Each structure stands twice: as structure tokens, then as C-alpha cells.
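Dear colleague,

Please find the structure below, together with its sequence. My notes on it follow.

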Amino acid sequence: MSETIIRKMQMDEPDERRVLDLTSQGLIGRPVTRPDGPAKVAGTASYAGEILPEGTAFGVLVRATIAKGKVASLDEASATAMPGVLGVFTGERFLRNPAQGGADAAPVQGASEVAYFGQPIGLVVGETYEDARHAAYTMGVTYEPADDASVDLDTAKSERPDAKQLDQGDLDAAMAGAAHGVDVTYTTTPDSSAPMEPHASVASWDEEGVLTLRGSYQMLRHNRIELADALGIETEKVRILAPFVGGGFGSKLGIAPEAVAASIAAKALKRPVVVAMTRQHVFEGTIRRSETSQRMRLCTDADGRLTGFGHDSKVSNLPGESFSEPLAMTTHFLYRGENRRIGHEIRRVNRTCAGSVRAPGEAPGMLATECAMDELAEVCGLDPIELRKRNIPDQQPENGTPYGTRLLAECLEEGAHRFGWADRKAPGERREGEWLIGMGVASAARTNMTAPASARVTLRADGTALVETDMTDIGTGTYAILTQIAGEMLGLPADRVEVTLGDTDFPPGSGSGGSWGASSTGAAVMLACEAVREQVCLRMGVEPSALTMRDGEAMAGNTRRTLEEVVGDEPVAATGDFEPGSTTEQRVMASYGAHFAEVAVNQTTGEVRVRRMLGVFSAGRILNERTARSQCIGGMIWGIGEALTEDLVHDPRDGHVVNRDLAEYHVPVNLDAPPIEIAFLEELEDWGSPIQSKGIGELGICGSGAAIGNAIYNACGVRIRDFPATPDKVL
Ligand code: MOS
């Protein structure tokens, strides 16, 4: 093979070449089916914990049963004496848990320091899972409980990080002198990320001291560094494999305790060790979304133009954790208002670590913002769509930055037309038997992010292409999208492209998080393919501008060759390196949309049924209509959960998670999810990535719960400010 060529790009200026429009395979945007689908349906796709090397031992985590304090003793001797038990592991490194996905995140718990109920404090390894579980669950543990455990948001210590406060103009004066205003406080409950596949790791070490971890993680390039750091070894000595990931929703952005525990035990026992969390461990011992309290102060002039916008919030996390739910993500740029106040307070509680859960910030933030906008529309006497349209700013209201592509008004208008918004009545006016019917609307917005990403593309002797990156597919469609981009660029049908993901031996992709995966890793694949195309031109002796690649052939002028002929016995390989650059400072970039919901509220029982939903979205280039639509539907269903059913309940005595499984924690099920219509408005964003796409993975959850809350009000006149809207609150 010839030497690998490297094609780099840093996004410091818009890329207006729109390379994907200059190709001719016709794969981009099409609802291409997932190449990984058959293996998943047939059960042959291997998830973490499913492939156990010969001789694998089983580990089960021991978890703390106090909110805060010290582990005084672990009765290792009697546990070790139990049948089939191979060892008990604990120690200072054991609990390194940089749950936020950053390599530099500091652990807050030591092995002997307990910071929350359910925190892993040890690992028992046995010949069988049952041996290990029995010993782990019966092992004697004594504690020195601290007397200052704090599990209650209202009485917990409070911090106000300077970087998250904003005071512009004079909001108090604006509120006092405004023609219309609302001053309302919304609360939301903690959520579980609840991925279908629990966290699991299989660790094995080779003779050279190289650790291979088969795990279930979103961001392998970072997870590898985190794991090496936790174990005190070089990054090069760690290989992580995660070819399939059964959902992450943020809980697998950073490594979780089972990965470190499995690695430590496997090294000591000199045999592979699997640690698979139970559902209860995932709920208690990974991350949760913070509960929130959000005071919204909005005021307008007589025409309903915002003059003030205030968003003061309280969230919670463990003492010392740097992450806090960034509720004002969209508040900074979504609506106008020259007098602005953003306050952010973190309450330090001894509860499961709070971290990024799907659309961290926007999901609960827009639930409050978009419901408050509905309240404001009513006091202004304006249609809620009209109020929103009047308040779309010309430039970012805090710093004057221009906007990138933004079809917010168009999404609202298109949605109103499709949904039949004109038929909406006043609260209480539409009735079907004992059901009151209402419609609600909300804006959708999600900040667009990109991340560094690399990928290698090889054109092989048989005229097929191989894509290699440590990028993950967490159910989102990465395999499909990267197949399409490589196929498009190299003129190959989808079945002649092989995409291999989830192996840190490959060039580091962006990982899956922040809705940046497709734009970032897709850009890396595109760049690699550009370099491959140039090599094809060199071999054919033609100008790049003359080259057309389609259906496995390369054509230029009168020259026409199959890719097998072009490649011969010398495969062409190139690596694409994508780096975000200064365009993110030059433009406010976000994906936008509009949510519509119709609900029926039972006047007798207070039950709310969502009858239909519509989401109209604009997110730059839609790479795959099927996977994009599927992401939006999933997000919108999560909005039903936020609005109606999900509430991670913590016991007020010791902060333990009460409903720690999918039977007691109510994610919306099929019967809760109505027909959901999705529409995309076409646009291309040149400032974000050379493939002109924007993030879509988390867009569907941003605002969808608010559309439901607003529909409840329109149905029955009850304004829910304390989500979820369970029947007791609706009646
Ligand atoms: Mo997402 S919460 O950034 O995995």
C-alpha cells in the first residue's frame, strides 16, 4: 500500500464549495437503511458483555448504603472465603469516575469516601456471576456516616459560578415599566439517562501489559485517556472496543466505575473479568440529569416585543463536580430583549452524580422557557407563534454576533400549516365526552457543536472502500451516514462501502455526544475521500475538476476506468482530520425547529394523553432522511417523558434512588407515544462543517415537552409549572 495521505481542515472560514453537491452517486439525504441493522435484528451484533474470552471471571460491584461518610471496614476475609469467590477489590484508584467525559475531570470520591448512596465502593469477583453477586450483596460493610450529608436541594450548600451569571441592562426596571410581563417559576424533576444496554466492561491484559476493554462508551478517544489515567498507565497501553452501543444518552460520555473495576481485577487475577451493571447500578451509580428550578421573568412593550428576559436557575450536583446543567444554553440567543439576566446556582447534594443527559441544558431549559413564552403570549393577547416570530433577534442579543442559518420562523409557519393550528380554540372550548382537547406549540433550538475527528478511508483492490475510525454508533445511524458519505464521494453504492467503528486502534473520531458526531466525523470521512479522489486523478492522469465517480467507475473526458482497474494491487488510503475553528465564534450556530402537540385531558381523572405530535426541523444538510427522522422521533418521545411521566425519585432521608428500574421509572412506552410526524426544511450551513450539516441528535427533545405542557393549558386551562404533569397536578 502506498503511504497514507493526510488531509487536514480547520474550520476558520465557511466552506462554500459544497463538495457533496458536486458528486453524483445520489446517496446523500436518502433514507438509506442501516448497514448494521440486519446484525442487530438477528442478534449477531456483539454488545459489551456479550463476548467473554475463555476463562472470564465475573465481577459485581459493592455499593454504599449511606449518603455520606467513610467506609470503616469491608469484610473482605469472609467474602473471599465464600464459595467461588476469587477476590475483593477496592483501593484509591478504584473509584476514579470522570463522569463528564473530560480527560481532566477530577474524581470526587475516594475509595473510602462515600459521596452518595449507591456509590460503588468495591468489586467482588467470582467464578460465576452468582458466586460474585452473593458475596457482593452479603459482604459486611461498616461506615462512619458523616453528620452533614445533604440530600435536599432546599437546604444544600449553594454556589454561583461567576462564568454562568449575566446581568445586562436593568431587568427589574424593565419588568416594572413593561406593558406586559410574566414572573413565573418552573420546576423539573431529575431524569435517568436509562440506556437500553446497561454499562458493561470486559477487561483483559496481554503479556506486554496492554489492556483491552470491550465496553459500551460514546467517546472512545477520551474514554481511552480516562481509563489510562484512572489506572496510572500510558494511553498507548489501552485499547477500547465498542463496535455497537445500545444507547448512551450522555451516561456513556465518560467512563463509569465498572470499566476501572474490571481492569483492576483482571490485572490482579491475570484473567479476563467482566463487570456488567444491573439496571439498578446504572440508575444509581452512573449519572442522572439534575432537577431544576427556573424563575422566568419576561416582559414586552405594547406590541409584544421583548424588552427583558430573565432566567434564574437552580440545579444540583455532588460537591466538587464541575458540571452543572447549563439551562441557559438557548436563552443566550433564542429571543430578543435588551435587559437580560441569567442567574445560575448549584446546590451541592449527596445524590448520584449529575451529568450530561441528552440535550444537557436545552431539554429542561426549554421546557421552562417555552412554557413561559406561552404564558407571555396570553398576557400579551398574541398567538404564541406570532409572539415568537416577533422576538427572533437580528443579532445575538448579548454580544451582537450574527446568526448562521436559522429557519425558526419558517419552521413555526410550516408547522402551523401542517398541524391545523388555525383550528385551535380557547382553553376548555374543545370537548369530546369527558376529554378536553388542546393544542400547544414550542420552538426547538439546539446549539450546533463540532469536535475534532479523524477517519481513514482505503480504496481496495476489489473496488470497495473501507472506512476506519474509533467513532461510535450509539443507535444514531453513524454506520449508515459514514457509508453514504464515503459512497457518495467515491462513487460507490452503499453495499460496496464497509464502515468499521468503535476501535481505538483506528484514527480517533469525534465520538458521539453533543449532536456533533455526524458533522464532525462525517467531515473527516469527506476529507479523506477528497484525498483519495486526488490520487485516483493522479493515477488516471486527469484533472480533479474533470473527475466523475459513479457506480464503481471513474470517468474524466474520454477516460473511463473501473475502480478495480484504478487501484490494481496498490490500494489508495488517506486520513481526513477535521478541526473546529473560529467559525463558531463568528456565527451563532444552532439547529432549529417547531414542536406541535395535541393532547386530551380527562376531566375526571386528570390523565393526559398525547394524541398527535408534529416536529418541523431545520438542521443544515439532512444526510439521511430515515436516521434523522428517527432521532427526532426519539427526542420528541423523551419530551413526553419530561412532560408527563419521568421522575427519578430520591428518598429524602438518605438520597437513595427509589425507582431504579424501568418498571418504576416511567419512560414513555408505545401506548404513550402517538403518531409523530416529522418534516425537515432544507438548508445548508457552510460555517459549521464542510458537509453543511448541523446537529440533529438532540434537537427533538428541545422544546417538545413544552409543547405538551402548553397543550394541556389550551385543553383545560390548568397551567402546569411543576413537571411532570401527573394527574394529581392536572386536576
Ligand atoms: Mo449527549 S448528553 O451530549 O450524549
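Helix H15 is mostly covered, with 16 of its 21 residues buried; a residue is called buried if 20 or more other C-beta atoms lie within 10 Å of its own, exposed if 12 or fewer, and partly exposed in between, with C-beta atoms placed from the backbone. Helices (H or I, at least four residues) and strands (E, at least two) are DSSP runs, numbered from the N terminus. H15 comprises residues 625–645 and reaches 29 Å from its first C-alpha to its last, close to the 30 Å expected at 1.5 Å a residue. That expected span is 1.5 Å times one less than the number of residues in the helix.

Please note that this is a predicted model, in which local features need pLDDT of at least 70, side-chain atom pairs count only at pLDDT 80 or more, and totals for chains, interfaces and linings use all residues. Residues are numbered from 1 along each chain as its sequence is written.

Most residues other than glycine have a negative phi, and most peptide bonds are trans. Arg 18, which is not a glycine, has a positive phi of about 50°. Arg 18 sits in the loop between strand S1 (5–11) and helix H1 (37–42), and is partly exposed, with 13 other C-beta atoms within 10 Å.

Phe 249 also has a positive phi, near 55°. The loop between strand S14 (238–241) and helix H6 (257–269) holds Phe 249, which is buried, with 26 other C-beta atoms within 10 Å.

Finally, Phe 723 and Pro 724 are joined by a cis peptide bond, with omega about 0°. Pro 724 belongs to the loop between helix H16 (704–716) and helix H17 (727–730).

With kind regards
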